[in-house]
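Please read this briefing alongside the sequence and the coordinates.

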Amino acid sequence: MNRILVIDDDDQLRISFCKLLKEEKYAVVGAASGEAGIEIVRDESLDLVILDMRLPGMNGIETFKQIKQIDTKLPVIIVTAFGTTAIAIEATKMGAYDYVLKPFEVPEMLSLIKQAIEAGYCMRSPVEVDGVPGKLSGDAIIGQSKGMQNVYKSIGRVSQTDATVLIRGESGTGKELVARAVYQHGLRSDKSFLIINCVAIPENLLESELFGYEKGAFTGAAQRHIGKVEQANGGTVFLDEIGDMPLNIQAKILRLLQEKNIERLGGEETIPVDVRIIAATNKNLEQAILEEKFREDLYFRLKVVTIELPPLRNRPEDINGLVAYFMIKFSNELKVDNPGVQKEALPILNQYTWPGNIRELSNLIQKMLIFNRGAPISAIDLAPIFKKNETGNLPSQTGLNSVQEWVRTSLAQNSGKCSFDDFMDTLSGIVVAEALKKTNGNRSQAAKLLGVSRPTLHSKIDKYKIKLKTEVSG
Ligand SMILES: Nc1ncnc2c1ncn2[C@@H]1O[C@H](COP(=O)(O)OP(=O)(O)OP(=O)(O)O)[C@@H](O)[C@H]1O
Ligand SMILES: [Mg+2]
């Protein structure tokens, strides 16, 4: 359960806010002054501080500074009333996660709290490179394959530099995990690490989220806002899904990389910033350049140090280790016994192609632990899942896409002549031919494989005029 400290001298407000957070399943502790709050930060383990700026005794900004001295990575959300926003902005420049104006909207505040805790987790929870299943603290990058060894070497190589890093790989291959590892093993590991997901933030907000804005920059810009880049000054910014970044923002990122400065929206001032950029994408940037969706100059700037994450299907030797790791990790998290995986189930996991990569594997193990209720994972448990996947989620891999295409086109072209039986006959023919291919033309084995009698298979071969032996296997 995440633990939040609320520092506010207004008893009524603090108590009702704490109550609300408890209802949202947070563990909450309150403090009526900066001094009391600092004591708690020093003594207890926390995930977030929500700090009012106007406090009796030690003021908000001083309290903020001391909190950061005790724990630089503890996220702090500043709550500020009219008249103290300038100080709140100062605090944001010094690394406060964000600030909100009193009175605030509860749903927005709750969403900000979630984001801040997540950001704190990414900064604070260690990522062990080349982790060993069973010895767990935080997250680990698992895998002994050659592809992953190269990844570890790259992480090691870039750790002693401030170089910009581009992480590439299919969805679910661990790009975010590797970005965190690069940060944690880097020179700026004691500074902040902020993640900007270029797809998750609407295009019109992305620019102000990154670079901030001045009062009056657009309708609704009631005061200056500090963007994430400025806020991370001295630290690291992770630009996730950079392949989806709009072109005008790409230009500003290029400027940041080349000239190390930014301008807030609606501002004239050039603000020097010193941030390390880590970027990730699953997009084909070369193709995006051809389509004029990605700037070539930015691409060259980013790709100097590239870490390429191999898809899981290219390193099946890592699957067993990952399975073991997730079994331990999730049985701990879900507080269930680790039931293990039956030997016969492992080949199924090893032969599957994992289009969703490690995320898919991790989700599967979690699901299995919940549904199996303590029973070891067996081949029978896995069969329906992969069967479903193969027909539901894996069209391109199984060729179902083309089958669907074929059915669709036939239906579209044929006005009533294409009967259900015609479709089924064609499909039956394909199935029999494939089974014979697999058994190298051996009819008994093919019949067994398909679960039909030999005579039935013979009749099908005759019906569909399937050529045998060499022709089939060729
Ligand atoms: N080598 C690995 N060892 C252990 N866990 C891993 C590994 N790679 C990925 N994971 C886990 O798999 C999940 C997906 O990884 P992550 O979010 O880093 O992928 P991604 O490449 O950023 O995917 P996307 O492109 O969809 O954002 C996460 O829960 C991550 O912790
Ligand atoms: Mg990601």
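The notes below begin with the basis of the model and go on to its sheet, its aromatic rings and its backbone.

This is a predicted model, in which local features need pLDDT of at least 70 and side-chain atom pairs count only at pLDDT 80 or more, while totals for chains, interfaces and linings use all residues. Residues are numbered from 1 along each chain as its sequence is written, chains are lettered from A and ligands numbered from 1 in the order in which they are written, and side-chain values use heavy atoms, with hydrogens and water left out.

**Parallel sheet**

- An open sheet is built from 5 strands with parallel pairing, in the order β9-β10-β13-β8-β14; strands are DSSP runs of E of at least two residues, helices are runs of H or I of at least four, both numbered from the N terminus, and two strands pair if DSSP finds at least two bridges between them.
- The edges are formed by β9 (193–197) and β14 (305–308), each of which pairs on one side only.
- From one strand to the next the twist averages 20 degrees, where axes are lines fitted to C-alpha atoms and angles run from 0 to 180 degrees between N-to-C directions.
- Strand β9 runs parallel to β10 (residues 236–240) and is joined to it by 5 bridges, with Phe238 of β10 as the bridge partner of Ile195.

**Aromatic rings**

- There are 8 aromatic pairs, counted when ring centres of Phe, Tyr or Trp (its six-membered ring) lie within 6.5 Å, with planes under 30 degrees apart called stacked, over 60 edge-to-face and the rest tilted.
- One of these pairs, Phe193 with Phe238, is stacked, at 6.2 Å centre to centre and 10 degrees between the planes.
- Because Phe193 lies in β9 and Phe238 in β10, the pair ties together parts that are 45 residues apart in sequence.
- Phe193 counts as buried at 1% relative accessibility, and Phe238 counts as buried at 0% (buried is under 20% relative accessible area, exposed over 50%, partly exposed in between, with a 1.4 Å probe and protein chains only).
- Ring pairs also bring Tyr183 into a cluster with Phe193 and Phe238.

**Backbone features**

- Most residues other than glycine have a negative phi, and most peptide bonds are trans.
- The peptide bond from Lys102 to Pro103 is cis, with omega near -10 degrees, and Pro103 is placed in the loop between β5 (98–101) and α5 (106–124).
- Lys260, in the loop between α10 (247–259) and β11 (261–262), has a positive phi of about 55 degrees and counts as partly exposed at 48% relative accessibility.
- Trp354 has a positive phi of about 50 degrees; Trp354 is placed in the loop between α14 (346–351) and α15 (357–372) and is buried, with a relative accessible area of 0%.
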